[in-house]
Amino acid sequence: MVAVASVQRSSVGQVFAAKPAARRVAASRRVLAQAASTSVKRADVPLELEEIGLPMNTFGPKNPFTGKVVSVETITGAKATGEVCHIIIQTDKKIPFVEGQSYGVIPPGTKINSKGKEVPHGTRLYSIASTRYGDNFDGMTASLCVRRAVYVDPETGKEDPAKKGICSNFLCDAKVGQEITMTGPTGKVLLLPEDPNAVIICVATGTGIAPFRTFWRRMFMENVPNYKFTGLFWMFMGVANSDNKLYDDEMQALAAAYPDQFRLDYALSREQKNVRGGKMYIQDKVEEYSDEVFDLLNNGAHIYFCGLKGMMPGILEMLERVAKSKGINYEEWFEGLKHKNQVHVEVY
Ligand SMILES: Cc1cc2nc3c(=O)[nH]c(=O)nc-3n(C[C@H](O)[C@H](O)[C@H](O)COP(=O)(O)OP(=O)(O)OC[C@H]3O[C@@H](n4cnc5c(N)ncnc54)[C@H](O)[C@@H]3O)c2cc1C
């Protein structure tokens with residue numbers, strides 16, 4: 001597993017700027033967590049990477065960067081629906097990025113385009129899953145979290161290798177030392193707010209967790225003098241079953257170490273039931289906490305969504321239904337949140 005957190009005992013006790021309801025929950029969680037109070041040791045990092053601003057498309061398809069694979073690790077279990085790999089790439093601080101951005105990867109080889117011409121494969125985007133300091137905290141690597149795209153023939157129910165995803169399979173099958181043609185970084189939708197006391201609610205399905213791993217590592221695992229996070233980080237994670245959980249060990253360690261500041265809730269669609277007795281999808285889990293979520297949003301919390309496009313209709317429908325049940329004008333309310341830059345959506 002991809003855990004680099006070293007866990008040791010210490011105290012907790014930070015508070016975050018939230019409404020009383022959220023503080024009450026934090027207080028009861030603190031009591032529950034007292035016995036198991038642990039903390040994750042923060043790593044020192046090369047602080048020159050704090051001075052990079054917001055890099056954008058430093059490398060493009062015509063002048064790409066060449067990274068080298070350090071490791072490829074399957075991070076899903078045997079009963080997972082599909083395979084997800086954590087891939088560490090050597091970048092030597094030469095393609096710096098900030099948390100929440102993506103890299104492009106150009107897979108080797110060519111394709112025949114719609115005009116019958118042989119052209120290089122196009123760029124695929126991948127959210128970066130490590131902070132700017134990488135998994136080893138030295139800034140020399142960056143990590144990706146890649147789901148292997150397979151094609152299952154709807155008639156036979158069997159995988160057809162001829163139609164498998166080109167770039168994701170290239171990355172998941174990559175060998176140590178293999179060169180990776182990269183572009184970017186790109187993206188400004190999923191950036192963290194500057195306020196270190198913000199409430200950050202993250203809602204992910206599958207590999208959508210990648211950018212949020214950069215958030216929690218920056219908040220809780222690195223020693224960054226100009227970013228001392230005092231707010232609340234709340235992760236809602238939707239996957240099919242327990243074997244599909246990603247980076248769970250890292251999150252559990254942080255939830256134990258920072259019970260006031262790190263919350264984690266799973267929606268396991270094939271293992272849990274929602275209140276109506278149906279499958280537990282991500283919107284059902286968020287709805288369970290809708291009073292708190294609305295309360296936090298009305299007090300300035302940021303909400304982030306990342307993962308498959310298909311997650312958004314169910315989430316928006318749930319938010320609308322809950323808003324109406326509270327007598328809130330949904331359109332006005334949601335537009336207001338967007339206007340105040342509290343809503344961040346990157347789905348693919
Ligand atoms: C902003 C952004 C961030 C992203 N972040 C991530 C991330 O963190 N992790 C991640 O895993 N992905 C991420 N993606 C998705 C990623 O960019 C790729 O789209 C994904 O990996 C599939 O690319 P591929 O080259 O493997 O598949 P492609 O070769 O592009 O194929 C796409 C799909 O079509 C299917 N297919 C191929 N041929 C046929 C055919 N003849 N008939 C029918 N179907 C066919 C393939 O099986 C595959 O499922 C992100 C996308 C965006 C836009």
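First, some ground rules. This is a predicted model, in which local features need pLDDT of at least 70 and side-chain atom pairs count only at pLDDT 80 or more, while totals for chains, interfaces and linings use all residues. Residues are numbered from 1 along each chain as its sequence is written, and side-chain values use heavy atoms, with hydrogens and water left out.

Let's begin with the ligand. Where does the ligand sit? The ligand is in the largest pocket. A pocket here is an open set of points, on a 1 Å grid over the protein atoms alone, where a 1.4 Å probe fits, with protein on both sides within 12 Å along at least five of seven lines. Sitting in it takes more than half of the molecule's atoms within 2 Å of its grid points.

S9 gives the most, with four residues.

Around the ligand there are 19 residues, and Leu125, Tyr126, Lys163, Cys167 and Ser168 come nearest; near means a heavy atom within 4 Å.

Now for the polar contacts, pairs of N or O atoms within 3.5 Å. An oxygen atom of the ligand is 2.7 Å from a polar backbone atom of Cys167. A ligand nitrogen is 3.2 Å from a polar backbone atom of Ser127, and a nitrogen is also 3.5 Å from an N or O atom in the side chain of Thr207.

Let's move on to strand S11, residues 179-186, where we find Glu179. What does Glu179 touch, beyond its neighbours within four places in sequence? Its contacts there are Thr66, Gly67, Lys68 and Phe170, contact meaning heavy atoms within 4.5 Å.

One last stop: Phe137, in the loop between S9 and S10. Phe137 has a positive phi, near 65°, and is not a glycine.

Definitions and conventions. Polar contact = N/O pair within 3.5 Å; in protein donor to acceptor, adjacent residues only side chain to side chain. 1 Å grid on protein atoms, 1.4 Å probe; cavity = no way out; pocket = protein on both sides within 12 Å on 5 of 7 lines; lining within 4 Å. Helix = DSSP H or I, 4+ residues; strand = E, 2+ residues; numbered from the N terminus.
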